[in-house]
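Here are my notes on this one, jotted down as I went through it. Have the structure open while you read.

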Amino acid sequence: MIVSKFASGGSAWPRILLVVGAGVVSAFQGGKAPVALAAIQEDLALSLAAASWLISAFAILGALTGAPVGLAADRVGAGTMAALGLLLQAAGSFLGGLASGFTTLLATRVIEGLGFLCLVVAGPALIAGLAPIQIRDRAMSLWASFMPVGLTVIMLAAPLLSIVTWRGFWFLNASILLSYAMLLRWGLHPPSSHPRLYRNVRQDIGEALVSPGPWVLGGLFAAFSAIFFAVFGLLPSLLSQRIGISNDAASMLSALAIAASGVGNLVCGQLLARGFLPGRLLHFSFGIMAICGIGIFSQALWAIACYALCVVFSFAGGLIPVVIFDSAPRQAPRPELVGVTIGFAMQGNNLGLIIGPAAAGGISGAFGWPLVSVAMALMAALLVLPFNRRQLTDHAIHKEGEGALW
């Protein structure tokens, strides 16, 4: 058991919201690089292809260490892991504000990414421990909304860049993260006497590696993340070029589009609670993303039409993380391995975050924006083939009479 039921003596929602808030301030760290990309490019004299690695570098360690971090969360406790994640992000953001060159800044983004991974692996485990079964679907959908909410808020904060510069923006984020780490530890205050069972690490890793559930969730998250951040990692730059508006205005429009993903998160939670099959929601989401992907970067459509497609794309994409987080307890080889299963999923998420913006930046620089559309649409359209019903249904762990994932 990762965390005890804190909510037994009262409502679980205040503590659930506290955990979601930790995710939101962590999502700031993913969103601040796209917002400040133009300012960093100018300050450090970088090309768009090089600068896009500041977005992807955030996910480098996560792409390699997601499962081990999940295993660590199962052992040290989700609350401790969450606080550690916030502190690592604070350190990375502070050091990034001091960076004098591209290489150093890139390294600090890797540190931030590791902290983000620690927090995001611990978050669903905390939610699962805090939320009674009757509100768990809604609680998980609220947790999944941390990313679009955080990205929206940080993009709306873009005007601050003209006041504090991008370095001041990094220092401001460091102070927010440090403050929230202390708030989280105070707000959760888990019992220190809770006994913890230590299991064989090699056996746990081996069991996760040979189980299909963690791999399927990781693959789904990798594809989703690559497609989603190929669009939204570079959307401010695209809008600025296509519409001829300032970087601040482009960030505002991007924030509004990303907010639609948060709406999709909440809608998905309600649909799951009403009995909609998760697998069908996945097919619907990726199908809509494939259709929208054809036109988002197209030069043939008016800029306003491309932006409208971004909003629809974002809403449909919002369903996918909810399905993945909600399915993790049922796709875990054993209840004790929920953390490592989420770690697999986040490892896939970070792999996609590396591939998506870097590939989109490279392709757009070499061949233009339309080819990015083609590549993105093909990936979304093909996704339904490797993840078929049987793979997930055969392994699904039923939860109190619920149906399988599909």
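1. Let's start with Phe-146: at 4% relative accessibility, this residue counts as buried. Bear in mind throughout that we're looking at a predicted model.

2. The chain has 10 aromatic pairs by the ring-centre rule. Another tilted one joins Phe-116 and Phe-146, at 6.3 Å centre to centre and 50° between the planes. Phe-116 sits in helix α6 (residues 102-130) and Phe-146 in helix α8 (residues 146-156), so this pair ties together parts 30 residues apart in sequence. Phe-116 is buried, with a relative accessible area of 2%.

3. Ring pairs also build a cluster, whose members include Phe-116, Trp-143, Phe-146, Phe-228, Phe-313 and Phe-325.

4. What about the largest nonpolar core? It has 117 residues, and Trp-143, Phe-146 and Phe-313 are among those with the most contacts inside it. Helix α1 (residues 13-44) supplies the largest share, 15 residues. There's also a second, separate core of six residues, including Ala-67 and Leu-337.

5. Phe-313 is worth a click: beyond its neighbours within four places in sequence, its contacts include Phe-228, Phe-232, Met-289 and Met-376.

6. Zooming out, the chain has 19 helices and zero strands, and buried residues make up 58% of its 406 residues. Of the contacts with a separation of 6 or more, 85% are between residues 24 or more positions apart.

Conventions
Residues are numbered from 1 along each chain as its sequence is written. This is a predicted model: local features need pLDDT of at least 70, side-chain atom pairs count only at pLDDT 80 or more; totals for chains, interfaces and linings use all residues. Side-chain values use heavy atoms; hydrogens and water are left out. A nonpolar core is a set of buried Ala, Val, Leu, Ile, Met, Phe, Trp, Tyr and Cys residues joined through side-chain atoms within 4.5 Å. Buried means under 20% relative accessible area, exposed over 50%, partly exposed in between (1.4 Å probe, protein chains only). Helices (H or I, at least four residues) and strands (E, at least two) are DSSP runs, numbered from the N terminus. Contact means heavy atoms within 4.5 Å. Rings of Phe, Tyr and Trp (its six-membered ring) pair if their centres lie within 6.5 Å; planes under 30 degrees apart count as stacked, over 60 as edge-to-face and the rest as tilted.
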